[in-house]
Amino acid sequence: MTISIGVLGTGRIGVMHAELIAQRVPGARLAGVYDVVADSAKQLAQRLGCTTFASPDALMASKDV
C-alpha cells in the first residue's frame, strides 16, 4: 500500500521533507507541494516529479493526497 503525501511550504525544512518522502520513505509518494512563493514550489515539483498546488486548500482537498 502507498500513502500519498502533500507538503505545505518549500523552504529549507519543507524541501527536506519533500525529498525524504519522494526518495527515501518506503510506501510513501509525494503527491504535491504548495508554497506562497509559487516559483519555489514549481521548481521543487519539477525536480521531484509531483504536482504544484495553487493553495493550501487545493492541496488538502485533492483526492491524490
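**Entry 1. Surface and source**

Accessible areas come from the Shrake-Rupley method with a 1.4 Å probe, and for residues only the protein chains shown count as cover. With that in hand, I looked up the accessible surface of the protein chain, which comes to about 4300 Å². Carbon and sulfur atoms hold 56% of this surface.

I note that this is a predicted model, in which local features need pLDDT of at least 70, side-chain atom pairs count only at pLDDT 80 or more, and totals for chains, interfaces and linings use all residues. Residues are numbered from 1 along each chain as its sequence is written, and side-chain values use heavy atoms, with hydrogens and water left out.

**Entry 2. Fold and dimensions**

I took helices (H or I, at least four residues) and strands (E, at least two) as DSSP runs, numbered from the N terminus. The protein chain has 3 helices and 3 strands, and along the sequence they follow the pattern β-α-β-α-β-α. The radius of gyration is 11 Å, close to the 11 Å that the globule rule gives for 65 residues, so the protein chain is as compact as a globular protein of that length. This radius is taken over C-alpha atoms, and the globule rule is 2.2 Å times the number of residues to the power 0.38. I also recorded the span of the C-alpha trace along its principal axes, about 30 × 25 × 15 Å.

**Entry 3. Contacts along the chain**

I counted a contact where heavy atoms lie within 4.5 Å. Of the contacts between residues at least 6 apart in sequence, 53% join residues at least 24 apart.

Buried residues make up 34% of the 65 residues.

A nonpolar core is a set of buried Ala, Val, Leu, Ile, Met, Phe, Trp, Tyr and Cys residues joined through side-chain atoms within 4.5 Å. The largest one has 12 residues, including V7, I21, L30 and C50. Helix α1 (12-24), strand β2 (28-34) and helix α2 (38-48) each supply at least two residues of this core. The largest share, 4 residues, comes from α2. In soluble globular proteins, nonpolar side chains tend to be buried together.

I then listed contacts of V7, leaving aside neighbours within four places in sequence; among them are A18, I21, L30, V33 and L59. C50 lies in the loop between α2 and β3 (51-52). At 15% relative accessibility, C50 counts as buried. Not counting residues up to four places away in sequence, C50 touches L30, A31, G32, V33 and A45.

Is G14 buried or exposed? G14 is buried, with a relative accessible area of 11%. G14 lies in helix α1 and, beyond its neighbours within four places in sequence, is in contact with V7 and G9.

G11 is in the loop between β1 (3-8) and α1, and at 40% relative accessibility G11 counts as partly exposed.

P26 is in the loop between α1 and β2. With 77% relative accessibility, P26 counts as exposed. The C-alpha atoms of P26 and M1 are separated by 9.7 Å, although these residues are 25 apart along the chain.

Key
Buried < 20%, exposed > 50% of the residue type's maximum accessible area, 1.4 Å probe, protein only.
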